[in-house]
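Please prepare a short briefing on the structure shown here, with attention to charged side-chain pairs and to one helix and its surroundings.

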Amino acid sequence: MSEVKKLEIIGTIKDGVGIGIKNIGPIFVNLILWILTCWIPYINVGTTIGMFVGIVAKASKGESIDMVEIFDSKYRKYMGEFFLVCGLLGLGVGIGMVFAIIPGIVIAIAWMFAPLLTIDKGKNPAEALTLSNNATYGNKWRIVGIMVILGLAAGILSFIFALIPIVGIILSIALTIFLMFVEIGIQASLYKQLTSNI
């Protein structure tokens, strides 16, 4: 068995923030377009795949993201596979949650790349779940650590902003939007680092 690649927590956070900031314009425009069109049947499946899978995959490779990326017809092509992988993922996490919650969280982290591997690398849903589990093996606690650090930083900043009247509300909204870009960047960084050999 090959040696497990260990994530560098601070390095991953820095990389993720960098990816998020670099793509702030296209991510923001695509998010607005997704919000405006998420109620349109059939189109909304492709735009959802594009927003939450396609953009992350492109960001992970350093590719430029189009301002209307979510409307690319290639995302609708994988509708069935996307529903299947999300269904299997949801079922596994749900069953894990029944066993005192923690197994569900572990499964959610283990399978976090399955939708990306299905859409981006054309893996079948069952194979994508297995490959995602293998990719995250030995790094689940590091991934949790990254989430905890980001959560604590966001919580501290939110608390500080809450102490500032009026301006604090504006800063809190800005922080929430910024965290969305960072979250996409972190996901892209994790995907890039842990699935590069797949």
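Lys61 and Asp120 form a salt bridge in which the closest N and O atoms are 2.5 Å apart, a salt bridge being a side-chain nitrogen of Lys or Arg within 4 Å of a carboxyl oxygen of Asp or Glu. Because Lys61 lies in helix 3 and Asp120 in helix 7, this pair ties together parts that are 59 residues apart in sequence; helices are DSSP runs of H or I with at least four residues, numbered from the N terminus. The model is predicted, so local features need pLDDT of at least 70 and side-chain atom pairs count only at pLDDT 80 or more, whereas totals for chains, interfaces and linings use all residues. Residues are numbered from 1 along each chain as its sequence is written, and side-chain values use heavy atoms, with hydrogens and water left out.

- A search of the whole structure finds 4 salt bridges, among them the pair of Lys61 and Asp120.
- Lys61 is partly exposed at a relative accessible area of 44%, and Asp120 is likewise counted as partly exposed, at 22%, where buried means under 20% relative accessible area, exposed over 50% and partly exposed in between (1.4 Å probe, protein chains only).
- Another salt bridge joins Lys58 to Glu69, with the closest N and O atoms 3.1 Å apart.
- Since Lys58 lies in helix 3 and Glu69 in the loop between helix 3 and helix 4, the pair ties together parts that are 11 residues apart in sequence.
- Lys58 is buried, with a relative accessible area of 17%, and Glu69 also counts as buried, at 3% relative accessibility.
- Asp72 forms a salt bridge with Lys74, the closest N and O atoms being 3.9 Å apart; Asp72 is partly exposed at 30%, and Lys74 is partly exposed at 36%.

**Helix 5 and its surroundings**

- Helix 5 covers residues 79-98, has 20 residues and reaches 29 Å from its first C-alpha to its last, close to the 28 Å expected at 1.5 Å a residue, the expected span being 1.5 Å times one less than the number of residues.
- The buried residues of helix 5 are Met79, Phe82, Val85, Leu89, Gly92, Val93 and Gly96.
- An α-helix has 3.6 residues a turn, so residues three or four places apart point the same way.
- The cover over the buried residues of helix 5 includes helix 3 (43-61), helix 4 (74-77), helix 6 (102-110), helix 7 (114-120) and helix 8 (125-136), with contact meaning heavy atoms within 4.5 Å.
- Helix 5 is followed by Ala100, which has a positive phi, near 65°.

Methods. Helix = DSSP H or I, 4+ residues; strand = E, 2+ residues; numbered from the N terminus.
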